[in-house]
Amino acid sequence: MITDTKARELGFIDFEEMLLYQDICGDGLYLAELFEEENLEEIGKEFTKKDYEKYIKSHGLVELFNKVKGLPLLDRMIEIYIYYANGFSLSKEAEKIFSFHLQEAKELYDGEKEKEYLKQIDRARNMKGEYFRKMHYIESEVMLRLPSEEVKFYNAIKEISSALLDKKDDSKNNNVSFSSK
């Protein structure tokens, strides 16, 4: 367990500030994996505040960070979950669009376009997986850190989760707009 002292050694004001950065970035186990210039040896290391700040800046999360840093923990978790749920939804839709274009390219025997769309599909799937991991991370952190407010969290995200993860009828996901308020 990391203490305030250890958090300070890593550059944070205290343990709570460290949790804020971890919540924004998602599961720390994947942080190094997502830094393209880092290698897999970095997975599992204790990340410093500078590492998290670098990740936040390079992944366009500064606005999200600023939006949630002053919120109560439950509201923060809901906002972060919604942010990553939106990313998941967009990645899912991008994968569908690129799959459609891939099929068109196959019908036209356009090998170059096929390769291009396969890369885009792979990228969309990777992003979808990343967002899903982050959504799962937030859910697990709510269970650990807010057990008394877990029901409120799930009630707030119930509609989002069912719209995103319902695999039976993807037509339900059309025109879904997510907002916490």
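Guide: Let us begin with a term: a salt bridge is a side-chain nitrogen of Lys or Arg within 4 Å of a carboxyl oxygen of Asp or Glu. Please keep in mind that the model above is predicted.

Visitor: What makes the meeting of lysine 96 and glutamate 93 a salt bridge?

Guide: The N to O distance between their side chains is 3.3 Å. The cut-off is 4 Å, so the pair qualifies.

Visitor: Why are lysine 96 and glutamate 93 about one helical turn apart?

Guide: Because lysine 96 and glutamate 93 lie three residues apart in helix H6.

Visitor: Why is lysine 96 called partly exposed, at 31% relative accessibility?

Guide: Buried means under 20% and exposed means over 50%, so a value in between is called partly exposed. Lysine 96, at 31%, falls there, and glutamate 93, with a relative accessible area of 26%, is partly exposed as well.

Visitor: How do you know that lysine 6 forms a salt bridge with glutamate 9?

Guide: Their closest N and O atoms are 3.6 Å apart, which is within the 4 Å cut-off. Lysine 6 and glutamate 9 are three residues apart in helix H1 (residues 4-9), so about one helical turn separates them.

Visitor: How many salt bridges does the structure hold?

Guide: Twelve. Some link up: Asp23, Arg76, Glu141 and Arg145 are joined in a network of salt bridges.

Visitor: Let us turn to the hydrophobic side. Why is isoleucine 56 called buried?

Guide: Its relative accessible area is 5%, so isoleucine 56 is buried. This residue is found in helix H4. Leaving aside neighbours within four places in sequence, isoleucine 56 is in contact with Tyr21, Ile24, Cys25, Leu61, Val62 and Phe65. The C-alpha atoms of isoleucine 56 and tyrosine 21 are separated by 8.5 Å, although the residues are 35 apart along the chain.

Visitor: Which residues touch the most other members of the largest nonpolar core?

Guide: Of its 36 residues, these are Phe12, Ile24, Ile56, Leu61, Tyr81, Ile138 and Phe153. Helices H2 (15-25), H4 (49-58), H5 (62-68), H6 (73-107), H7 (111-145) and H8 (150-165) each supply at least two residues of this core. H6 gives the largest share, nine residues. In soluble globular proteins, nonpolar side chains tend to be buried together.

Visitor: How do H2 and H4 pack?

Guide: Their angle is about 30°, with the axes 10 Å apart, and H2 passes H4 in a left-handed crossing. Glu17, Tyr21, Gln22, Ile24 and Cys25 of H2 make the contact with Lys49, Tyr52, Glu53, Tyr55 and Ile56 of H4. By class, this contact has six nonpolar, one polar and three charged residues.

Visitor: And at what angle do H2 and H7 pack?

Guide: At about 145°, with their axes 9 Å apart. Here Leu19, Gln22, Asp23 and Cys25 in H2 meet Lys134, Tyr137, Ile138, Glu141 and Arg145 in H7. The classes are four nonpolar, one polar and four charged residues.

Visitor: To step back, how many helices and strands does the chain have?

Guide: The chain has eight helices and zero strands. Of its 181 residues, 38% count as buried. Among contacts between residues at least 6 apart in sequence, 62% join residues at least 24 apart.

Terms used: Residues numbered from 1 in each chain as written. Predicted model: local features only at pLDDT ≥ 70, side-chain atom pairs only at ≥ 80, totals over all residues. Heavy atoms only, no water. Core = buried A, V, L, I, M, F, W, Y, C linked by side-chain atoms within 4.5 Å. Buried < 20%, exposed > 50% of the residue type's maximum accessible area, 1.4 Å probe, protein only. Helix = DSSP H or I, 4+ residues; strand = E, 2+ residues; numbered from the N terminus. Axes fitted to C-alpha atoms, helices over the stretch in contact; angles between N-to-C directions. Left-handed = near helix turned anticlockwise from the far one by under 90°. Contact = heavy atoms within 4.5 Å. Nonpolar A, V, L, I, M, F, W, Y, C, P; charged D, E, K, R; others polar.
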